[in-house]
Amino acid sequence: MVGCGNALMSEDMVKDGYEDIMNIDISSVAIEMMRRKYEFVPQLKCILLFNHERMRGKPLNILLLDMSFFPDESFDSVMDKGTLDSLMCGTDAPISASRMLGEVSRLLKPGGTYMLITYGDPSARMPHLNRPTYGWNIFLYNLPRPDFKRPGGCSSTKSYLEPIPITEKGLLPADFVLEDPDSHFIYVCKKMDDTELRNIIPAYPLTSEIL
């Protein structure tokens, strides 16, 4: 759980049966709150990711980008609810996003997933997520707010458990209707193994200028 803050998501996941969750954050206040609250919940571990004395004076976004505390392929999955969004609001957003996502890819085991929960639609997020260097297959979902009411009380025929068939450019289909303007987009990014990567044709052929 990257950038866990004091959110309840990890606690809810334990209730759903997850048994080993590592919560990380750069906020000593948030981590201390988590440690106290979940002292007797062995499924939840809480780590202050950075030594603030060593990083004193460096920009906040730099503190979010170095997860070298953990070795390569440490995790089966990485959850992100709002952390990438925070980076996207800062200076040098594209650089910050690529550094963070590169670390996420490094930490994932082959076959592992990065789940990004965000308000960012594909036009704002896919250019950052859909980069060959990460080696991800990306599936997009859209969930309205739990209390969202459709006009006229009509019910939807959509299945929110089915991924949205995004276009070749990673965008929403032209006929896609966003029922709730404040809904969440969920990007499930599966890290491919070596066999899957070998079967991929590069989207952009290498040219002499690139080389």
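Author: A polar atom in the side chain of Ser183 lies 2.9 Å from the backbone oxygen of Asp180. The model is a predicted one, so please read each distance here as computed from that prediction. The side chain of Ser183 also makes a polar contact with the side chain of Asn142, again at 2.9 Å.

Is Ser183 buried or exposed? With a relative accessibility of 2%, Ser183 counts as buried, because the cut-off for that word is under 20%. If we set aside the neighbours within four places in sequence, Ser183 is in contact with Tyr119, Asn142, Leu143, Pro144 and Leu178. So much for the serine; let's follow the strands beside it.

Both β5 and β6 are among the elements against which the buried residues of helix α6 pack. The others are α4 (83–88), α5 (93–107) and β4 (108–118). Helix α6 spans residues 122–129, and its buried residues are Pro122, Arg125, Met126, His128 and Leu129. These residues lie on the same side of α6, because they cover an arc of only 165° around the axis.

In α2 (residues 28–37), the buried residues are Ala30, Ile31 and Met34. They too share one side of their helix, since the arc they cover around the axis is only 95°. Val29 and Arg36 are exposed, on the other side of α2. What do the buried residues of α2 pack against? Their partners are the strands β1 (21–25) and β2 (44–48).

Those two strands pair with each other in the parallel sense, over 5 bridges. The chain runs from β1 through α2 to β2, making a right-handed β-α-β crossover. Within this pair of strands, Asp25 stands opposite Leu48 of β2.

Glu73 is found between α3 (60–63) and β3 (75–81). Glu73 is not a glycine, yet its phi is positive, at about 55°. Its relative accessible area is 42%, so Glu73 is partly exposed, whereas Ser183, where we began, is buried.

Technical notes: Residues numbered from 1 in each chain as written. Predicted model: local features only at pLDDT ≥ 70, side-chain atom pairs only at ≥ 80, totals over all residues. Heavy atoms only, no water. Helix = DSSP H or I, 4+ residues; strand = E, 2+ residues; numbered from the N terminus. Buried < 20%, exposed > 50% of the residue type's maximum accessible area, 1.4 Å probe, protein only. Arc of directions from axis to C-beta. Contact = heavy atoms within 4.5 Å. Pairing = 2+ DSSP bridges. Right-handed = clockwise from strand over helix to strand, strands pointing away. Polar contact = N/O pair within 3.5 Å; in protein donor to acceptor, adjacent residues only side chain to side chain.
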